[in-house]
Amino acid sequence: MEGSERQEASKGDVLNSLIGGIICFFTMMILPGIMDMLFRQILVFLGIIGVMAFDSFRIAHAIIFFGITYLICGFLGGLYTGYKVEARLNLFLFITASIGFVFLVILLYYLGHLTLPNVYVDVIIPALAGSFIGVYLGGYTIIWPYRHEEETSTSNINLDLGSGKTEE
């Protein structure tokens, strides 16, 4: 990657962004079901399944799922996109996150899950935030060492503090 030259977006970059969005979408389909099953098994094992009756559990459940599932889903899509795309990474990461989230919303609509009152707090908001935040974290994880090398090699600041004595 060259910092001074901007490369033009190609069809391959768009295709790789689409593939990253599909990776994000498929992991959003699979990972929440697995994590929900494991989460319930942990509650049963600990003998505290009754906490699911409280309203504060729903909020805690959404926060835990945001961190465990949706951030990971976005992160995986962002890793792929950041590794493959060479030009205008911000734009293609935005496209990747949008594709993953929009496909999830379309799937939920056709399955009839968008009519449930708790789907917005439990699924839509965490999936939206997790896909965008995770994609950007994943995309910049790949290119961060290259960005750091470009920034440090172009600018050097030297301070000459002298001996500390003043001339009279």
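**Close-up views of the aromatic pairs and nonpolar cores**

**View 1. A cluster of aromatic rings in the predicted model.** Phe25, Phe26 and Phe103 are linked into a cluster by ring pairs. The model shown here and in the views below is a predicted one. Across the whole structure, a search finds seven aromatic pairs.

**View 2. The stacked pair of Phe39 and Phe57.** The ring centres of Phe39 and Phe57 are 6.0 Å apart and the planes meet at 25°, so this pair is classed as stacked. Because Phe39 belongs to helix 1 and Phe57 to helix 2, the pair ties together parts that are 18 residues apart in sequence. Phe39 is buried, with a relative accessible area of 19%; Phe57 is buried as well, at 14%.

**View 3. The edge-to-face pair of Phe39 and Phe65.** Phe39 also forms an aromatic pair with Phe65, with 6.4 Å from centre to centre and 80° between the planes, an edge-to-face arrangement. Phe65 lies in helix 2 and Phe39 in helix 1, so parts 26 residues apart in sequence are tied together by this pair. Both Phe39 and Phe65 are buried.

**View 4. The largest nonpolar core.** This core has 13 residues, and those with the most contacts inside it are Met28, Leu104, Leu108 and Ala127. Two or more residues each come from helix 1 (11-46), helix 2 (55-84), helix 3 (89-111) and helix 4 (119-154). Helix 4 gives the most, with four residues. Apart from its neighbours within four places in sequence, Leu104 is in contact with Phe25, Met28 and Ala127.

Key: Residues are numbered from 1 along each chain as its sequence is written. This is a predicted model: local features need pLDDT of at least 70, side-chain atom pairs count only at pLDDT 80 or more; totals for chains, interfaces and linings use all residues. Side-chain values use heavy atoms; hydrogens and water are left out. A nonpolar core is a set of buried Ala, Val, Leu, Ile, Met, Phe, Trp, Tyr and Cys residues joined through side-chain atoms within 4.5 Å. Buried means under 20% relative accessible area, exposed over 50%, partly exposed in between (1.4 Å probe, protein chains only). Contact means heavy atoms within 4.5 Å. Rings of Phe, Tyr and Trp (its six-membered ring) pair if their centres lie within 6.5 Å; planes under 30 degrees apart count as stacked, over 60 as edge-to-face and the rest as tilted.
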